Amino acid sequence: MALADYKRDMEGCSRCSSCKWVPFNQIKSWRFAKNCPSICRYNFHAYSGSGRMIIANSILEGRSELNEAVAEIVYRCQLCGACDTACKVYRDDIDLTEVLLELRAFCVESGELLVEHMAVIDALKREDNVLGEPKERRGEWAAGLPLKDINRETCEVFFHAGCRYSYDPDLRDTLRGAVSLLLDAGVEVGIAGAEESCCGGRAYELGYRGEAANYADDLLSRVKASGARTLVTACADGYAHLRYLYPRMGKELPCEVLHITQYLDRLLAGGRLRLRNSLPTLFTYHDPCHLGRMGEPFLSDWKGDKLERPMSLKRAGRKGVYEEPRRLLRALPGAGLAEMERIREYAWCCGAGGGVLEAFPDFALWTAAERLEEALASGAEALATACPWCVRAFRDTASQAGIDLPVYDLIDLAVTAAGISVPAPA
Amino acid sequence: MISDQCFEELVQAVGPENASREPAVLDTYAWQPTFNNRPHPWVTRPEAVVLPASTAEVQAVVKACNRHGLRFKAFSTGWGAWAGPSGEGVVQLDLRRMDRVLDIDEKNMIAVVEPYAIGGQLRAEAMKVGLNTHMIAAGAGVSPLASACAAFGPGWDGTYSPRNLMGVEWVLPDGEVLRLGSAGSGLGWFCADGPGPSLRGVMRGKAGGLSGNGVFTACALKLFPWPGPPRPEIKGLFYDMELELPWNFRLYLLIFPDRRSWAEATYSVSREGLDYNVMKSPIGVVPVIVAPRLTRKLAGFPNLRAALSSIQHGTMLIMAASSAGEMEYRDAVLREIVNAHSGMIMDFGAMALGGTFWWSVISGAVPPMSFRAGGQMQSGLGPDDAWDTAVAWDASGEEIKREWIAKGGCVDDLADACVDMLWEDGTINHSEELWYYDPRNEAHVAALKGMAFDFLLTAMEQCTDQPWNIFPEQRKLIAPLQGRFNRWQRELARAFDPCSAADASLYLGEEDMDFSGIEPGKVEELRRLMQERDWLREEEAR
């Protein structure tokens, strides 16, 4: 597909600005009624979903040109999908996120690149991860854990760690906790260790399509070789890409793809995960965009008139992962759940996605701070979430902005409640 | 073209982050496809766009435009072609940084709001204290201030935006600030007409000045009692929405055998004050919103079409009560009215999706769903008048639409998507025939002009109000039939806008109507009616 293939979507925009708001039936207050970090931070219509579609249309019609300033507008967006979800409450014929993605690919094709994003892509090419960390150290997080090496052995569950978890020193224990929960339940888990690569999703989001396809091919071949029937990942970003992007690129994995919260939920339901220890805390839960609305599986690449597209094939975010993390949270002994105002399909983003953290860290921080304010307003004592990028963004922001709200990964809470011992790194 | 000096002054006024003349950014203010009958959706690109955050910043921008011979055009949420520039040399003021609900005065049932506080936000805040706002017909995503001060005003909850206005802060076209009502005397926002300047009529008129007479930076609006929960617990977004109708609400669909019995019964319901909301339930609207693809298929089967048309004459009624006894009484009165007009009552609130519809109406979430049918909608905006006049418009709208549906000029909504609303117990009423179209469908776009003309001709024939007289072509044509209102507007503009700094095309503009493509017989009939109905001509000749 190319940008021009979405011209009808662009021409359908009625400029109603519904893309800037929480779906109207879910507005609960003045304070938390808006849904799009970009338009809220920068205010010009150009920074909304609608505005970016109009820019794309303007460029295609030769009314304006793509230049450095316009490319910055395109990239000052987390690709969180909130605009798309809101639009699709009222529209059947516009795939807003697809337009935003195509616009980024168009920027790359046109040579309008951000230096910070080029650094990410260079790191990816050099080390197979978006953080630029040494490839040979990717599997260190798993040292000493009784995991299978899928490069040499077959396994029941292929565990994909993801870039952020693999290298972030604060999050490595979380990852160890995740696989420890699986092992404790008797699951045979395999990993690629140092051979694991990025899923390629971030490259796709930044507009670098070729790189994304290469990484999809890599993971596809590894999954086939592993013989695994299930791939589990703790990375919400990766989850969305494997569920949506891979099938969209024609590279569907030959196995079931689950997020760790889904797998743990199954273990809980089957009695293989027992949460015993009390965590008497009132939590609020942050829906990661890539686990929620953007985590909806690929439904179809509808070629015809989208006004005729069945509702069941419309990517509206409803089939994202919302219940499983909440069930886990509710199952924690003594814990309570206080919902924020913007949740599920219309949750506010953590700010880290779409290349914003790398290129515009002040904007990422501003976005996360807004979410933490909302979390505090819920009355919760702590925030829990299920994505390493979100955890990192919230912890860093809380620390920098002096916001007193503990931030937890659900995996850590489950490990604590299960009372299992996670072996220290060897 | 804007000079560097002028742009620099705009930057000084609002800060460098809040002014732009980047062409691509400006184009996002030139895309205005809604209520735009031209063959393409682009309007003229503004010279610059600014984002003021305060009344003082608005003043500074307006004064800069006065100094440099530019015009200004402000909008709140910016939906509709009337929000964009009408021609070259216009600075666009996007008021989205002025988004606060400044006050909710629970005791006096008043809210004070800025331009970009939308209906959904005001509704949510008001409900927390047992009040609700007038939800304007365009829904929760648009500005109650704009509706009350500057643009139209219909709503579906028994009232009309300009009637709710309690005070205004108004940046005049020369940049001075005028506060109307008690706020003008520094006494608070409790009264629209004093102590202090009482200029609501001058400020607002019928359709509003659409920024052609200045910029409104704050206003006070009446609030109304809300007998429901302060924050209804709702899951889902539409089809998947889950909620129970509160015990003290009812959502009924009233069906009548013909238009006359429907009209009389609906009027009685309103006159008796039974309603929290009462409006026509057009047979074309609900299927198009809920299942547009299915509706397209059903419309092709004559028998199914006939079956749906047999329940065409319906009214949606939301009733609220403060006690079981009160609801019993309302139910009894309703039954009596409905029985007297051979109608039937469907307890829609007790059915699947009943709660969904109830909340979608109350929360103002329905209007943007109109896009589902074809991607865009247009309106045969009719009278705000006596109920009989509205009913006549309803019937005419159906006839006009049937003709154009047959010609493939719009989406087939069974020719009935007329929004008829009764306000203030039926004292004033509104009728508006919507049509749905696909802006990417050449036949639909080509039909826009002809359909609009047919509604105009019908308005002439029926001697009804024609709110589209905001557009220069219609203003010039209709003004002689409406007391030469255009002359008065020009006089006011001379006093208020000596430098012609406001982009006043939609307030003052006059152009000859282009009749190309319109059937000659219809044009001839329009000219004949113009002659016949120009009631000031003979008097002026004397």
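**Entry 1**

I looked up Asn43(A) and found it in the loop between helix H2 (37–42) and helix H3 (49–60) of chain A. The model is a predicted one, and in it Asn43(A) has a positive phi of about 75° although it is not a glycine. I noted that Asn43(A) counts as buried, at 11% relative accessibility.

I then turned to Asp128(A), whose phi is near 65°, again a positive value in a residue other than glycine. Asp128(A) sits in the loop between helix H7 (115–127) and strand E1 (148–149) of chain A. With 16% relative accessibility, Asp128(A) also counts as buried. I recorded both residues because most residues other than glycine have a negative phi.

**Entry 1. A cis peptide in chain B**

Which residues does the cis peptide bond join? I found that it links Gly194(B) to Pro195(B), with omega about 5°. Pro195(B) belongs to the loop between strand E9 (177–180) and helix H6 (200–204) of chain B. I kept this entry because most peptide bonds are trans.

**Entry 2. Strand E8 of chain B**

I examined strand E8 (residues 165–171) of chain B and found it mostly covered, with 7 of its 7 residues buried. I followed its pairing in two directions.

- Towards strand E10 (residues 215–222) of chain B, E8(B) runs antiparallel and is joined by 6 bridges. Within this pairing, Val168(B) has Cys219(B) of E10(B) as its bridge partner.
- Towards E9(B), E8(B) is likewise antiparallel, joined by 4 bridges. Here Trp170(B) has Leu178(B) of E9(B) as its bridge partner.

E8(B) and E9(B) form a hairpin with 5 residues between them. In the turn, Gly175(B) has a positive phi of about 100°.

**Entry 3. Cysteines**

A disulfide requires the two sulfur atoms to be within 2.5 Å. Cys198(A) is buried, with a relative accessible area of 5%.

I made the corresponding check in chain B. Cys149(B) is in no disulfide; its nearest cysteine sulfur is that of Cys219(B), 4.1 Å away. Cys149(B) counts as buried, at 0% relative accessibility. I noted that Cys219(B) is the residue of E10(B) already recorded as the bridge partner of Val168(B).

**Entry 4. A parallel sheet in chain A**

I traced an open sheet of 4 strands in chain A, with the order E7-E6-E8-E9 and parallel pairing. Its edge strands are strand E7 (336–337) and strand E9 (407–409) of chain A, each pairing on one side only. Strand E8 (residues 382–385) of chain A pairs with E9(A) in the parallel sense over 3 bridges. In that pairing, Thr385(A) has Asp409(A) of E9(A) as its bridge partner.

Helix H14 (residues 323–331) of chain A packs on the sheet and touches strand E6 (282–285), E7 and E8 of chain A. I recorded an angle of about 175° between the direction of this helix and that of E6(A).

**Entry 5. Thr416 of chain A**

Where is Thr416(A) placed? I located it in helix H18 (residues 410–418) of chain A. Thr416(A) is partly exposed, with a relative accessible area of 42%. Leaving out residues up to four places away in sequence, Thr416(A) touches Asn277(A) and Leu279(A).

**Entry 6. Cavities and a pocket**

My search of the whole structure returned 14 cavities of 30 Å³ or more. The largest cavity holds about 140 Å³ of space. Residues of chains A and B line it, among them Thr85(A), Lys88(A), Met311(A), Arg318(A), Phe238(B), Tyr239(B), Asp240(B) and Arg372(B).

I then considered the second largest pocket, which has a volume of about 800 Å³. Its lining comprises 33 residues, of which Asn37(B), Arg38(B), Phe471(B), Pro472(B) and Glu473(B) lie nearest its centre. The elements that give two or more residues to this lining are strand E16 (376–385), helix H14 (442–462), helix H15 (472–478) and helix H17 (505–508) of chain B. Which element gives the most to the lining of the second largest pocket? I found it to be H14(B), with 5 residues.

Technical notes. Residues numbered from 1 in each chain as written. Chains lettered and ligands numbered in written order. Predicted model: local features only at pLDDT ≥ 70, side-chain atom pairs only at ≥ 80, totals over all residues. Heavy atoms only, no water. Buried < 20%, exposed > 50% of the residue type's maximum accessible area, 1.4 Å probe, protein only. Pairing = 2+ DSSP bridges. Contact = heavy atoms within 4.5 Å. Axes fitted to C-alpha atoms, helices over the stretch in contact; angles between N-to-C directions. 1 Å grid on protein atoms, 1.4 Å probe; cavity = no way out; pocket = protein on both sides within 12 Å on 5 of 7 lines; lining within 4 Å. Points joined across faces, edges and corners; volume = space filled by probe spheres on them.
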